[in-house]
Amino acid sequence: MTQQDALSILKLGHTTFLTGAAGSGKSYVLREYIQYLKEHGIAHAVTASTGIAATHIHGMTIHSWSGIGVKETLSEQDIESIEEKQNLYKRYTNTHVLIIDEVSMLHANFLNMLNRSLKTVRRDDRPFGGLQVVFCGDFFQLPPVVKNTEFDEQIFAYTAEAWKEAKPVICYLTEQHRQDDDVLTRILKAIREGDIDDGIWEELQLTSSKKHAKDHTKLYTHNVDVDEINRKEFEKVKGEERMYAMTSTGRAPLVESLKKNCLAEESLRLKVGAKVMCIKNDPERKFSNGSLGVVVGFDDENAPMVELVSGKTIRILADSWRIEEDGKVRAEISQIPLKLAWAITIHKSQGMTLDQASIDLSKAFAYGMGYVALSRLKSIEGLNLVGMNPQALLVDETVREYDKTCMYASDKASEALKKYNADKLRSLHEEFINRCGGHTEAYVDEEEEKSDTLTKTQELLKEKKTIREIASIRALTEDTILGHIEKLLERGDKVEIKHCLPSKKVTKEIEDAFVKAKTTKLMPVHGLLKGKYNFHTIRLVRAGMKK
């Protein structure tokens with residue numbers, strides 16, 4: 001399923017499981033949908049199964065949001081306690097959409113407790129009290145941590161009675177946006193399918209003799225290895241030490257949660273020569289979460305200068321991590337988004353894209369560790385495998401079977417979506433917005449409007465950024481960026497969009513359809529092409545014709 005089809009399904013208001021292989025764009029779709037909910041005034045909650053995952057999406061853990069915490073059982077008194085707390089009662093009753101990221105690490109038992117508490121507090125017997133729940137994740141990645149053997153048999157969220165009752169629509173993303181080469185893609189596919197032959201092992205073993213292994217960030221399974229390596233290597237670096245202190249605002253418990261779960265240090269120590277990793281995506285796309293480099297100096301304002309693996313030197317300024325609720329920032333911390341990067345744990349690497357990594361899987365102790373570690377990389381060229389446990393590349397057989405079920409269900413959902421034309425889809429999307437008490441016209445932030453939003457898009461197009469990249473940089477939808485292009489053309493501005501257009505063959509086919517239809521409207525052309533291309537592509541080609 002494409003990202004745009006998944007977004008269309010989410011906008012219908014169905015409880016959904018957004019999944020796909022590592023690098024397929026799950027986080028991108030999630031960000032797009034969150035932005036859509038904000039623009040249309042729909043009350044939503046952004047959560048994740050772990051603190052680290054929550055900081056990536058400016059949310060909180062589902063355990064904290066729900067008030068259930070780390071309980072393994074939920075009594076009637078516990079639910080009454082939730083109901084009596086004003087902030088929890090408000091969350092439960094005012095929210096229309098509940099997003100839960102990294103669902104692979106959420107225990108089935110917790111999901112059943114969440115379902116029960118939502119039904120009770122909201123006085124609604126529908127699954128999850130009538131909320132749209134968006135589960136996001138990949139069950140091939142790290143599984144839940146099991147503390148009580150009583151729940152060993154059914155740990156994965158999809159085995160929960162609540163999951164089965166909710167019957168989420170499956171959106172299985174099939175595009176790949178991380179891996180650059182066929183070799184690594186083939187290896188990761190083999191791990192998912194349980195088809196690891198001698199050829200796969202040989203490919204992996206070849207990486208153990210990389211001459212540039214010393215330049216790689218080392219990925220380990222245990223914290224103790226990581227902390228010790230970073231401390232020792234930092235002490236070896238000569239030169240003046242600079243210290244950067246974290247600042248914070250908001251309620252103390254939320255601030256402490258951010259500090260505990262984000263990768264930023266409260267007191268960051270840096271020196272020229274220190275090996276570092278960027279732990280945030282830069283809004284201007286100069287670096288991304290996982291970009292590696294070396295500190296080469298400090299400017300007049302004490303900002304560290306980092307030379308990335310690509311050879312580009314960039315200035316790193318303080319960035320923020322925050323917890324948002326009901327569109328308001330409840331807590332925020334600010335720090336230089338760098339972390340010492342001689343070593344990092346596999347667990348903390350989730351969500352990152354690495355250029356290079358030296359991976360030690362000799363102490364792998366859980367399903368999915370090998371898959372998570374290898375899938376952080378862009379290509380096999382960046383991999384140096386220094387240790388391997390025979391268990392490291394194994395995945396749970398029941399997960400593999402469920403994955404096949406998800407692929408089939410996702411194909412069916414895609415087929416069902418094709419039955420709706422654009423007008424019908426728009427009507428159904430608006431129906432969901434109205435049910436949630438939102439507004440069908442997207443809200444435009446006044447500050448954004450004042451700063452000439454069209455010009456910002458125009459400048460990024462000049463830099464040869466794609467529409468998807470511009471949407472990501474500006475935290476807007478791709479449709480909004482297309483609207484900017486159309487407005488720029490209407491006022492006679494020069495717009496660089498040739499690099500955004502589809503292939504010459506596709507462009508010609510759509511242009512011919514416009515000529516044949518004798519109209520500039522989208523619906524007749526979409527019909528003439530018998531749905532071969534989506535409205536986004538047709539609209540883009542139309543903009544090119546206007547140009």
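User: Which residues of α1 are buried?
Analyst: In this predicted model, the buried residues of α1 are Gln3, Ala6, Leu7, Ser8, Ile9 and Leu10, where buried means under 20% relative accessible area, exposed means over 50% and partly exposed lies in between, with a 1.4 Å probe and protein chains only.

User: Before we go on, what should I know about the model and the numbering?
Analyst: Residues are numbered from 1 along each chain as its sequence is written, and side-chain values use heavy atoms, with hydrogens and water left out. Because the model is predicted, local features need pLDDT of at least 70 and side-chain atom pairs count only at pLDDT 80 or more, while totals for chains, interfaces and linings use all residues.

User: Switching topic, at what angle do α17 and α19 cross?
Analyst: The axes of helix α17 (residues 453-462) and helix α19 (residues 478-490) cross at roughly 95° and come within 9 Å, the axes being lines fitted to C-alpha atoms, for helices over the stretch in contact, with angles from 0 to 180 degrees between N-to-C directions. The two helices are therefore roughly perpendicular to each other, a label for angles of 65 to 115 degrees, whereas under 35 is roughly parallel, over 145 roughly antiparallel and the rest oblique.

User: Which residues make that contact?
Analyst: From α17 come Thr453, Leu454, Thr457, Gln458 and Leu461, and from α19 come Ile481, His484, Ile485, Lys487 and Leu488, with contact meaning heavy atoms within 4.5 Å.

User: OK, how many salt bridges are there in the whole structure?
Analyst: A search of the whole structure finds 28 salt bridges, each being a side-chain nitrogen of Lys or Arg within 4 Å of a carboxyl oxygen of Asp or Glu. Among them, aspartate 124 pairs with arginine 126 at 2.8 Å, N to O, and arginine 242 pairs with glutamate 240 at 3.4 Å, N to O.

User: Is aspartate 124 buried or exposed?
Analyst: Aspartate 124 counts as buried, at 17% relative accessibility. In the other pair, arginine 242 is partly exposed at 22%, while glutamate 240 is exposed at 56%.

User: What about lysine 259 and glutamate 266?
Analyst: Their side chains meet in a salt bridge at 3.5 Å, N to O, with lysine 259 partly exposed at 21% and glutamate 266 partly exposed at 44%.

How values were computed: Helix = DSSP H or I, 4+ residues; strand = E, 2+ residues; numbered from the N terminus.
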